2 protein chains.
Amino acid sequence: METVRIVERVGFAEGKMAKHALLATPRCQLDLYCLRPGQAQTPHAHPDQDKVYYGVDGTGRIRVGSEEQRLEPGTAVLAPAGVEHGLANDGSAPLVVLVFLAPPPRH
Amino acid sequence: METVRIVERVGFAEGKMAKHALLATPRCQLDLYCLRPGQAQTPHAHPDQDKVYYGVDGTGRIRVGSEEQRLEPGTAVLAPAGVEHGLANDGSAPLVVLVFLAPPPRH
């Protein structure tokens, strides 16, 4: 059984957001984003992928299209295909976010 | 921005597991499963869908194929397409689980 304990996979990087691949199938992918205060994911869009962010720990600012809001633990946010989206840790605590992608990125 | 605060969507049903649709796109679906102690999701398989369970609150027993293990908060488990899987709340506390599906069920 493919199992991931999130707490065992949290890890941060110097200089930029750390992205950890947790699970991947032909149909979807589950990643963990770890952002220190001040780190951010540059806004971008995927033409053919939907993305769901789910806040695990810490709080940040999420943007989807022209809208921005807080991302808090226990909150899920959809970034639909083709819509620009980005994430920033503008707080003082580490930010940990689960990210579900469907379909997975092409390599 | 499509946003869901999980705590606002938790709700239980008499007699069987409650399943709440949180987000749906042409590529994926996010549901919330709420199981009182003693409730279960009957083991089943989807030929063309991958499913990821993510424990939010409470603990239960999850089965994928012939394997069983505990599902605890902060644990993600993959149920790949074609593999029988099921979930049971065999504990004494309510069980709340996020479920990602890709692609979404056909209607």
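Modeller: Let us start with a term: two residues are in contact if their C-beta atoms, placed from the backbone, lie within 7 Å. By that criterion, the contact takes 29 residues from chain A and 29 residues from chain B. This is a predicted model, in which local features need pLDDT of at least 70 and side-chain atom pairs count only at pLDDT 80 or more, while totals for chains, interfaces and linings use all residues. Residues are numbered from 1 along each chain as its sequence is written, and chains are lettered from A and ligands numbered from 1 in the order in which they are written.

Biologist: Which elements of chain A supply at least two residues each of the side that touches chain B?

Modeller: Helices (H or I, at least four residues) and strands (E, at least two) are DSSP runs, numbered from the N terminus. The elements of chain A that each give at least two residues to the side touching chain B include helix H1 (6–9), strand S1 (3–5), strand S5 (50–57) and strand S10 (95–102). S8(A) gives the most to that side, with four residues.

Biologist: How do you know that the copies meet through the same surface?

Modeller: Of the interface residues of chain A, 100% are also interface residues in chain B, so the copies meet through the same surface.

Biologist: What makes S1(A) and strand S8 of chain B a pair?

Modeller: Two strands pair if DSSP finds at least two bridges between them. S1(A) and strand S8 (residues 75–79) of chain B are joined in the antiparallel sense over three bridges, and A:Val4 has B:Ala76 in S8(B) as its bridge partner. These two strands belong to an open sheet of six strands in the order S1(A)-S8(B)-S5(B)-S10(B)-S3(B)-S2(B), with antiparallel pairing.

Biologist: Why are S4 and S7 of chain A said to stand at the edges?

Modeller: They belong to an open sheet of four strands with the order S4-S9-S6-S7 (chain A) and antiparallel pairing. S4 and S7 of chain A each have a single partner strand, so one side of each is left without a neighbour in the sheet. Inside this sheet, four bridges join strand S6 (residues 60–64) of chain A to S9(A), with A:Arg63 and A:Gly86 as bridge partners.

Biologist: Why does A:Ala88 count as buried, and why does A:Arg61 count as partly exposed?

Modeller: A residue is buried if 20 or more other C-beta atoms lie within 10 Å of its own, exposed if 12 or fewer, and partly exposed in between; the C-beta atoms are placed from the backbone. A:Ala88, in strand S9 of chain A, has 21 C-beta neighbours inside 10 Å and therefore counts as buried. A:Arg61, in strand S6 of chain A, has 16 C-beta neighbours inside 10 Å and therefore counts as partly exposed. A:Ala88 also touches A:Arg61, as well as A:Ala40 and A:Gly60, not counting residues up to four places away in sequence.

Biologist: What makes a set of residues a nonpolar core, and which members of the largest one touch the most others?

Modeller: A nonpolar core is a set of buried Ala, Val, Leu, Ile, Met, Phe, Trp, Tyr and Cys residues joined through C-beta atoms within 7 Å. The largest has 58 residues, and those touching the most other members are A:Tyr53, A:Ala76, A:Phe100, B:Tyr53, B:Ala76 and B:Phe100. Leaving aside neighbours within four places in sequence, B:Tyr53 has contacts that include B:Ile62, B:Leu71, B:Ala76 and B:Val99.
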